[in-house]
Amino acid sequence: MSKKRQRPSPPKPVCVYCGAHPGVTKDHVIPKCLFSTMPVVGTITVPVYKECNERKAKDDTYLADTLQSHFLAQQHPVARSQAEGRFLRSVAKHSSDFAEALVEQYVPLLAADPNALPDDGLTEITVDPTRLTHVLQLITRGLYAHYLKPKRLPPDCFIGVKRVSEEEMVKLLPRLTSVTIHGLHRIGEDVVIVRYSISQSNPVESLWLIVFYQSIVFTVLTSMGKPSAH
Ligand SMILES: [Zn+2]
């Protein structure tokens, strides 16, 4: 008899993203393509189903392209180097959906007028908000599962994502980087800053602030049902 049989194997984890399929692969919650080099501390992985992982990977690239090409992120050295390197290569190869949108929208303009690019660069590119919302919902599920282990957000909970405006952000950022705040996580040279608070009475209710490249901020609210307007 093999000694291996004496200890039963632990139960297989369930996919953090869908809560239905087995979590047979590990996904990097904060997309790898946001970093130049993966941070030594702060890399977050969760168990996910293979297909959920592959589906998110495409949206990860979309999110990274969108953020890195945003004029606000150009102050951040990692965003800038990634935008100049990987993004331009993917434009050349037409290998990302964002790059495809860029080529479709700008090539005809530039053909007519070589100076047609607006001053703020690529921010005029039409992005698909549904897609960004979706990937930020998955990132929130992943962050929640990681920071509040073994708790998980239920598959059917509401996850509302909102981009914080530049004016609101100016007020928020100093507070976000203050050391007195709990649940503050700075990942990879501040490529991502995560702050969250969880309701004491109902752990499904949580509020997240996710800051990319110290400049682009999303708030995420989770709750059991869609919250009613006040
Ligand atoms: Zn899944």
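Does Asp190 count as buried or partly exposed, and how many C-beta neighbours does Asp190 have inside 10 Å? Asp190 has 15 such neighbours, so Asp190 counts as partly exposed. Keep that residue in mind as we walk through this predicted model.

Five strands form an open sheet in the order 3-7-6-5-4, with antiparallel pairing. Strand 3 (158-163) and strand 4 (184-187) stand at the edges with a single partner strand each, so one side of each has no neighbour in the sheet. From one strand to the next, the twist averages 15 degrees.

Now follow the pairings across the sheet. Strand 3 pairs with strand 7 over six bridges in the antiparallel sense, and here Ile159 stands opposite Thr222 of strand 7. Strand 7 is also joined to strand 6 by seven bridges, again antiparallel, with Val211 opposite Val217.

Helix 4 (residues 129-147) lies across strands 3, 5, 6 (206-212) and 7 (216-223), and runs at about 115 degrees to strand 3. Leaving aside residues up to four places away in sequence, Leu67 touches Ala73, Ala79, Phe212, Tyr213 and Ile216.

Finally, a look at the backbone in the loops. Most residues other than glycine have a negative phi, and most peptide bonds are trans. Asp190, in the loop between strand 4 and strand 5, has a positive phi near 60 degrees. The hairpin of strand 6 and strand 7 has three residues between the strands, and Tyr213 there takes a positive phi near 50 degrees. Gln214 lies in the loop between strand 6 and strand 7 and has a positive phi near 55 degrees. Gln214 has 22 C-beta neighbours inside 10 Å and therefore counts as buried, whereas Asp190, with 15, is partly exposed. The peptide bond from Lys149 to Pro150 is cis, with omega near 5 degrees, and Pro150 is found in the loop between helix 4 and strand 3.

Definitions and conventions
Residues are numbered from 1 along each chain as its sequence is written. This is a predicted model: local features need pLDDT of at least 70, side-chain atom pairs count only at pLDDT 80 or more; totals for chains, interfaces and linings use all residues. Two strands pair if DSSP finds at least two bridges between them. Helices (H or I, at least four residues) and strands (E, at least two) are DSSP runs, numbered from the N terminus. Axes are lines fitted to C-alpha atoms, for helices over the stretch in contact, and angles run from 0 to 180 degrees between N-to-C directions. Two residues are in contact if their C-beta atoms, placed from the backbone, lie within 7 Å. A residue is buried if 20 or more other C-beta atoms lie within 10 Å of its own, exposed if 12 or fewer, and partly exposed in between; C-beta atoms are placed from the backbone.
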